[in-house]
Amino acid sequence: MAKKPKQIRLVREPDGTLTMLHPNGKRVKDVRVAILNPIDKGNKWYELQDHCGKSLHIFPDLTELNAASRRLLEQDVRERYVIPKIKKIYSLNQESHVSYWDVETDRGRRDFVMKDKLDNILENGKGGYTLKDVMGNYFMIEKVERLDGRSKRLFDKVI
Amino acid sequence: MTSSEETTLVKKTLPRQVMSLAKKAAGSGDFLVSLATDIKRDGSFAGSDYLLVNAREALFIYNGAKPRLERVAVAKVKEASIETGLSSARLVLRGKRGGFIKRPLIFSNNLLKQFGEAAKVIQLLAEKEKDIKIGEEEQVRCPKCNRLLPERGGVCAACVSRIGVFRRLTGYLKPYRGSVALLMIMFVVESLTQSAGPLLMKILFDSVFVPKELAGTMRSVSACFERISGGEPWPMLVVIVLAMLGAHLLYFIARGAHSWISAGMGANLIADIRRDVFSHVARLPMSYFNQRQIGSITSRVTSDSQTLHEFLVEGLPYLAINALKLTLTIALLLYLNWKLTLLILIPAPILLIGGGVFWKMMRHLFHKWWQKWAKFSGDLHESFYAVKLVKAFNREGKESEKLDKDNMSLTRQTIFTDRRWITYALFIEFLMTSGIFIMLFYGGGQILKGNMSLGTLIAFQGYLFILYEPLRWFNQINQWMTRAFTGAERVFEVIDAKDEAGQEKKTLRLPRMKGDVRFEKVHFGYEAGKEVLRNITLNIKPGEMVGLVGKTGVGKSTIINLICRFYRANRGHIFIDGVDINELNLTDLRSQIGMVLQEPILFDGTIAENIAYGCDNASFEDVVFVARKAHMHEDIMKKPEAYDYLVGEHGKRLSTGEKQRVSIARALLHNPRLLILDEPTSSLDAETELKVQKGLRNLVKGRTTIAIAHRLTTLRYANRLIILKDGRVTEMGTHKELMRKHKGTYRHLVKIQEDMSKQMGVAL
C-alpha cells in the first residue's frame, strides 16, 4: 500500500514535467497525477504514475504533502480533471431526447448537449448531480437547492 | 460562451491580433495548423490559448492582457501526442530527452479531434514527412446557428431544411403515385361528407320540422329536396335522412379506404427507406462505426424510420384532412352566419395558445415519467437478473429498498402527471364547450328575433365540434414536423455517407491471391494523435504461418484490421502480392481472407447454414467434409437434429469450443488464401483447445496464416514469430532463435507462461 505522502516531494523541472523525489533518494522524472475516484464526491484518492502509466504511489488525500508539492499536484489535477460546477442555468431546452444547456460554471460560461439522460446523469444522493455531455465532458451540480429559482425550475423541468 | 472554433479542421480563423503576432513571428501567414483552445492554462473557460504550425515551427500564443508568443522548432520535437484526462486533454510536445518542450496546451473533449490532427501534423513535420494529409472535417456545432450538435457531424434539429427534406421524402412516393392520388380523393370525400352532415340537419329542421317562412339560408338546396319529394314533409324526411345516411356511409367508406391505402403505402414507403439505410450501412467502412455508437446507427434504422412512418401514415393524412375540414367548415359557417361564426371562433386562439403552453408542460412531464419508469424497470430487471448474487451477498433487503424508492418516485410522478393531464383535458373540454354557450346565446337571440332559423343553429352546433377538434392538436404540428424532419435528415445522413466502394478510386482485380503480404513503414492510429502502429515493416511469404506476439493493446489486431482493409494506414504502404492494398478490388481481397476469431460469430440458424455462411454454392457433402476436417462432425452427430440443429441467437446453444470449430469449418469451406487466427483458443479449456488445435492444423495447411495468440502453444507450428511492443516490431524469428535472446520479450513471455503452468501443475 501507499507510503506516507509526506515523505514524497514533487518538483517542477525546467522543461515543465513533474519529478517525484522519494525519501529513499529515488528520483522519478516525468510523473503525472491520476485520481482514482474523480467523479465520486467523497474523499479523493490520488496516484502518482510514471510516464508509461505505471503506478508509483497511491494516497488518500493531499493534506500530508508539503504545500509546494500540493500546489504542483493541484495544478496538474486542475488541468487534467475538468468537472466544472454549475452555478446558474441560463437556458435549458429539451428537444425530443436531446437537451441543450447554457450554464455558468465556476470556470466560466459553457454550453453543452446531453442525451440518453438515464445513462449520463449520476445522482449523488445529496441533492446533487453529475452530468456527462455528448462529447464526454463532465459537469456537476453540487446541490440543486443552492441554484437560483429560475435555474431550479429549468432543471426540474428536464431532470 | 464556448469558442465556435470546434470542427476537426485544423485551420481556423483566429483573432486578428493573434494572427498578426503569428505572421510577424513566422514571417508569413502560411500555417498548416491554426487552432484555439477552449480552456486556459489556469483551467478556466475565459478565453483561449492558440497553436499555429507552419513547416518549420509550432507557435504557442498564450492569451493574457498582452498575448505572449513562444516558438518551438519542429525539428526539436521527438513526440507530439495527446494525453487525455477527464473532460479535458492536453497537447504534449516532448523533446529528445523526454521532457516537455513547451507547457502543454489544454482543451476540452470538444476539441479532441482537431488537436489530435494537429499533433499528427507536428509529428509528421518532425519526421520530415512531406505527404501530410489532414482528417476530414466533422462538425461539432451547427454551421448555421452555432448551436452544439447532439453528435459529431450530426443534424441540427433547428436548422433542418424542411423543404429539402420534404422534397426528398416525396421522392420516395414516386412508385406509389396511384395510391397517393387515390388517397387525395379519399381525403376530399371524407371532408365533404363529414361537412354535409350538419348541413343536411339544417335542411331537415328548416324544411321539414319548422314552418317554411322561418327557414333561413340554403333555400336553393332546400328547394332541390322539395322538388325531389314533391314538397310533402314525409317524403322529404325520407329523402333527407337517406341523403344523410348516404353521406355517412360514404364518409366511412372514404375513411376506411384512406386508412387502408395509407397503412399499405406507409409501410412500403418505410420499408423502402429502411432497405436503403441498412443496405448502405453494411457497405460503410469500419471507421464509420468506430466514430459512432452502434446504438445511434441502429436507431436510425429503427426509431428514426418509425418516426417517419408515424408522420407519413398518421401525421400527414391528419394534417391534410383537418386542413381541408377546417377550410370547408369555416367557409360554410361564414356563409350561414358570419357574425355568429366570428363569435364562436373567440375560444379558438385560447385553444391554440393555451393548448400549446399546456402541451409543452405535459411533454416534459411525460418525459420525466418515462425516465422514472425506465429507471424502475431497469433496476427491476437488474435485480432479477442478478438474483443469485443478491442472495449470495444477503442484499435482498437493500435491493427491495432501492426498488421501493424507485417505485415511490414513479408513483409520485404518475400522480402528478395524471393530475396535470386531467387539468389540461378539462381546460380544453371547457373551452370547447364554452363555444356552445356563445352560440346558444347569440344564435338563440337571432332565432327569437326571426333573423335565423333553428336549422342554422343546429348546423352550427354540428360544425362547432368539427372546428374545435383539429384546433386542439394543431399546436403540436410544429413539434411533430420537427421530429419527423430531424429523423428524416438523420436517416438521409446515413444513406449519404460514403461507402467503401465509393471510397475506391480505382480497383485492380486479384482473382487468385498467392498470399504474399508486405508492410512498408506503416503507421496507424484509430484516433488522431494516438498511434497504435509505428513504422511497421514486415514481409510474409505465401504459405508461411506467422505468429504475432505481444501484450494486449500493442497493435496485433490492428495489423489484422489493416490487412482486411477495415481501416487504411495513416502512413506507409501495405502490399498484397505486390499490389498496394488500397488499389485492390475489395471483394476480391476479402473473399480470399478467412478469419477465425476469439469470439466466434454465429447466426441464428442450423449448424449446416452456419458452416455454409458465405458459400452459397457449397453442397451438403462439402459442409460435412469441412466439419470432419474441423473435428466437429462427431459432436454434431451427438445431437439428434445433427446438422439441422438450431444454434440459437449468437450460437448460444453451442459451447464455445463447438462454436469455434463451426467457425473453423466455415473458414475451411471458404478456402481462403490468407487465413487470420485471432486468439481462437484463448477462452477454451485444455481438452477443447486440443480439439480446436486439431481443426486448426488442417486449416492452415497450404495457405498464408497470420495468427495472434496469448497462449504461445497455439503458435507452436508457426514458421516465424513477430514480437510487438508499443506498436513497433521489436523481435522477429523462429521460436528457437527468439529463445536465444536472453533479454528478449518473447523469451520473457515464454518464461512467464512456463512459470504459470508449473504453478497450475500443467506442463506447457
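How many Å separate the centres of domain 1 of chain A and domain 2 of chain A, taken over C-alpha atoms? The separation is 31 Å, and the legends below begin with this pair of domains.

The views show a predicted model, in which local features need pLDDT of at least 70 and side-chain atom pairs count only at pLDDT 80 or more, while totals for chains, interfaces and linings use all residues. Residues are numbered from 1 along each chain as its sequence is written, chains are lettered from A and ligands numbered from 1 in the order in which they are written, and side-chain values use heavy atoms, with hydrogens and water left out.

**View 1. The two domains of chain A.** Chain A is assigned domain 1 (5-80) and domain 2 (86-158), the bounds coming from an automatic or database domain assignment. The centres of these two domains, taken over C-alpha atoms, are 31 Å apart.

View 2. A:Tyr46 belongs to strand β4 (residues 46-49) of chain A; helices (H or I, at least four residues) and strands (E, at least two) are DSSP runs, numbered from the N terminus. With 10% relative accessibility, A:Tyr46 counts as buried, a class that means under 20% relative accessible area, whereas exposed means over 50% and partly exposed lies in between (1.4 Å probe, protein chains only). Although A:Tyr46 and A:Ile35 are eleven residues apart in sequence, their C-alpha atoms are 4.6 Å apart in space. Neighbours within four places in sequence being left aside, the residues in contact with A:Tyr46 include A:Val33, A:Ala34, A:Leu36, A:His57, A:Phe59, A:Leu73 and A:Val77, where contact means heavy atoms within 4.5 Å.

**View 3. The interface of chain A and chain B.** In this interface, 45 residues of chain A are in contact with 43 residues of chain B. The two chains bury about 4,000 Å² between them, with 49% given by carbon and sulfur atoms; buried area is the accessible area (1.4 Å probe) that two parts lose on being put together, summed over both. On the side of chain A, A:Glu79, A:Arg110 and A:Met135 lose the most area to chain B, together 20% of what that side buries.

View 4. Eight salt bridges are counted between chain A and chain B, each being a side-chain nitrogen of Lys or Arg within 4 Å of a carboxyl oxygen of Asp or Glu. A salt bridge joins A:Asp156 to B:Lys368, with the closest N and O atoms 3.3 Å apart.

**View 5. Domain 1 and domain 3 of chain B.** Chain B is divided into domain 1 (16-126), domain 2 (162-496) and domain 3 (515-592 + 708-759). The contact between domain 1 and domain 3 of chain B takes nine residues from domain 1 and five residues from domain 3. These two domains bury about 570 Å² between them, 56% of it on carbon and sulfur atoms. One salt bridge is found across their interface, and zero residue pairs in polar contact are counted between them (both at pLDDT 80 or more). On the side of domain 1 that touches domain 3, α2(B) gives the most, with five residues.

**View 6. The loop that holds B:Arg703.** B:Arg703 is found in the loop between α22 (686-700) and β15 (704-708) of chain B. B:Arg703 is buried yet has no salt bridge, and the nearest side chain of opposite charge, that of B:Asp622, is 13 Å away; Lys and Arg count as positive and Asp and Glu as negative, while His and the chain ends are not counted. A polar atom of the B:Arg703 side chain lies 2.9 Å from the backbone oxygen of B:Pro672.

**View 7. Two residues with positive phi in chain B.** B:Asn146, although not a glycine, has a positive phi of about 70°, and at 34% relative accessibility B:Asn146 counts as partly exposed. B:Arg565, also not a glycine, has a positive phi of about 60°, and at 5% relative accessibility B:Arg565 counts as buried.

How values were computed. A polar contact is a pair of N or O atoms within 3.5 Å; within protein, one must be able to donate a hydrogen and the other to accept it, and residues adjacent in sequence count only if both atoms are side-chain atoms.
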